[in-house]
Amino acid sequence: MRVFPTLRHGLVGPISIARMSVSIVRRLLSRGEVNKAMLNEPVERMDQQLAEAVTGIRALQTWEPEAKGTAIPAEVLRQGIALMTASLALRDIKLDYVPSDTQDLDEVRHQPFLYAWLALLCYFEDRLSEPATLRIEQKEPKSVCVEITRSLYDANQVKPKPSVRANIIDQAALETVAAAGGLRLTFGEEWVSFSWA
């Protein structure tokens, strides 16, 4: 539910741009002095935006209960980061993703991996009450480590935080989601390791 606004925005964005392109074409046509070359650019733009919207709509199958697709871990990590960056930024939490030098090409089950990864990012969103950076780095095969770096800040200049959610993802809830997907979590004082088989 937390990522729904981002998903919705990602789907509506390309369609909104395509609608603007339609209005440009209408304006050109209403002038009556339109040649083919003038229409090529806005029509090409509409085609690109609608193709992007179709791709986004097809990707929604990832969220269906019976979804059984697989993906490369790095792709799912990036997907989760893209979905959570904005909501984390509202709480002054930045994401610093360091891609692995050696690409892990063994695929994982997409949906359980994504759900557990999003749950981990939501866990940090709920837990951190001051500005911080989450450094996300794959230091070992089949594992990513999230390290918390707390920023120095003046308490008098801190922006008001969004209200606390009723449904907080605590460590127990996070471990349950991870275990359901066959994933492992190891907690340190200022870090969490997220591992897969």
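Here is a short chat about a predicted model.

Biologist: What should I know about the ground rules here?
Modeller: Residues are numbered from 1 along each chain as its sequence is written. Local features need pLDDT of at least 70, side-chain atom pairs count only at pLDDT 80 or more, totals for chains, interfaces and linings use all residues, and side-chain values use heavy atoms, with hydrogens and water left out.

Biologist: In what order do the 5 strands of the open sheet run?
Modeller: Strands are DSSP E runs of at least two residues, helices H or I runs of at least four, both numbered from the N terminus. Two strands pair if DSSP finds at least two bridges between them. The pairing in this sheet is mixed, and the order is β2-β4-β5-β7-β6.

Biologist: Why is one side of β2 and of β6 left without a neighbour in the sheet?
Modeller: β2 (93-98) and β6 (184-187) stand at the edges, so each has a single partner strand. For β6, β7 (residues 191-195) pairs with it in the antiparallel sense over 4 bridges.

Biologist: Which residue in β7 stands opposite leucine 185?
Modeller: β7 covers residues 191-195. Opposite leucine 185 there stands phenylalanine 194.

Biologist: Is threonine 62 buried or exposed?
Modeller: Threonine 62 sits in the loop between α2 and β1 (70-71). Contact means heavy atoms within 4.5 Å, and leaving aside neighbours within four places in sequence, threonine 62 touches Ala67, His110, Gln111 and Leu114. Buried means under 20% relative accessible area, exposed over 50%, partly exposed in between (1.4 Å probe, protein chains only). At a relative accessible area of 13%, threonine 62 is buried.
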